[in-house]
Amino acid sequence: MIYLLCFVLFCIGLYCILVKKNLIKIIIGISIIDYSLYLFLILIGYRMQGRAPIHSPVQRIENMVDPLPQALVLTAIVIGLAVLALLISIAVRLYDKYGTFDITKIRKLKG
Amino acid sequence: MDFVTLQEAVQLYPLLIFMILAAVVAVETKDLLSSVIAVGAAGLGLSVAFLILKAPDLAITQLVVEILCLILLIRATIKRDIPSLNRGTDYARLISALIFVLIFLSFGYFALRELPPFGKPYLKVATEYLNQGLSKTGAANLVTSVILDFRGYDTLGEATVLFTAVMGVIVVLRKIGRIKK
Amino acid sequence: MKEPEQGMTLIVKVITRLTVGFILLFGIYIVLHGHLSPGGGFAGGVIVALSFIHLILAYGGKFAFKKLDQIKASFLENIGAIMFLTIALLGIIGGFFFLNFLNKGEPFHLASAGIIPFCNIAICLKVGAGLFLIFIALTLFKIGEKKR
């Protein structure tokens, strides 16, 4: 059930990419899809009544959650930020050239 | 269906519904600046969800990255004159997108039933990491030991992607070598 | 007469002067304790970059570039990348790529875990300088400011 809510978030982002015509809205849709994927991977690795995967010098901690999806998502977050910055810079340059963010008006390939 | 104990249900379901509402607001608002701020709200909700799901490393990283995202997006939208967004809706595009999303959601529903239920993951590789991570690497934080010791190639690839992205941004935005008008 | 001041109002400048050192210190703490507590190179690097971005937003570019300008930032990013690759290549001495060749040390102390703190410092330099470069490329290159 909680996976399905995560999937609904993904579909909102997909709808935004497919329907909207503004470049900033498309970047926002990509970012929402990123969020849903991070949440989905972490939800798969969660254990019931789990603890954070950090050892303590005082006591021995049982029932840790899975550290592998957390490590993968940690790299994915920074890559998402880099991709977002690249998309924003391309959008800013397109605005500089055409004076609009609307993708239906950006048609000329040259000049 | 999967069984969720009361504590996680009370904490997680309102957060997810809040994130979905923030995403809907971000998609459907006319003003670009409010849309960007709504995306920031969704990201902060994701950060709190990471904290509930016992991933404090990710909570710190997501919080900080979200602030930087917000600064960059506001920088991209502010001082730009925004044309009116509603110039007649394209119904063919809307209907085809909705049909595609519905097909995707139904396939996802059938695929998600095959996953392990929430709270009981398969721990194959992770058992090795959990049992021997401290003695093999000496790092108390197991996530750091996974990203920098067991799976260092991932981090090397990530550094390459970041380097390429920085180069791309500077090449796209620079002024030297452009044709002056 | 002086030239008109860049940046925001006096209140923002005073608060920035008081807080920006603590933000930088917190970032460095998170990086150095990355193998003992939550955090690590990515989060610490972004916090270090955010402290300089805070300085630029409050004081304007001219003041902040005395602390760290574009040439120094790209130099630091290259240093981070080369340092990470060198640490990985030094493992070949002991056998294979990314070998943890240093002494593991005693757990739960600051000097433990072999190469992991050095990798954290390298990634902090790389991520922090890279994101700072992205920010100054988007902010200060003055793209699209003038209307046609």
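Helices (H or I, at least four residues) and strands (E, at least two) are taken here as DSSP runs, numbered from the N terminus. The model is predicted, so to speak of local features a pLDDT of at least 70 is needed, side-chain atom pairs count only at pLDDT 80 or more, and totals for chains, interfaces and linings use all residues. Residues are numbered from 1 along each chain as its sequence is written, while chains are lettered from A and ligands numbered from 1 in the order in which they are written.

Residues 12-32 of chain C are 100% helix and 0% strand, with end C-alpha atoms 30 Å apart.

Turning to the interfaces, 65 residues of chain A are in contact with 76 residues of chain B, a contact being two residues whose C-beta atoms, placed from the backbone, lie within 7 Å. On the chain A side, two or more residues come from each of α1 (2-19), α2 (23-44) and α3 (67-98), and α3(A) supplies the largest share, 23 residues. By class, this side of chain A holds 50 nonpolar, 9 polar and 6 charged residues, where Ala, Val, Leu, Ile, Met, Phe, Trp, Tyr, Cys and Pro count as nonpolar, Asp, Glu, Lys and Arg as charged, and the others, Gly among them, as polar.

Between chains B and C, the contact takes 33 residues from chain B and 40 residues from chain C. On the chain B side, α3(B) gives the largest share, with 11 residues, and the classes are 20 nonpolar, 8 polar and 5 charged.

Chain B itself is divided into domain 1 (1-81 + 98-120) and domain 2 (123-181), with bounds from an automatic or database domain assignment; their C-alpha centres lie 23 Å apart.

The largest nonpolar core has 125 residues, of which A:Ile42, B:Ala23, B:Ala42, C:Val46 and C:Phe132 touch the most other members. Such a core is a set of buried Ala, Val, Leu, Ile, Met, Phe, Trp, Tyr and Cys residues joined through C-beta atoms within 7 Å, buried meaning that 20 or more other C-beta atoms lie within 10 Å of a residue's own. Helix α5 (residues 116-140) of chain C gives the most to this core, 16 residues.

Terms used
Buried ≥ 20, exposed ≤ 12 C-beta atoms within 10 Å, placed from the backbone.
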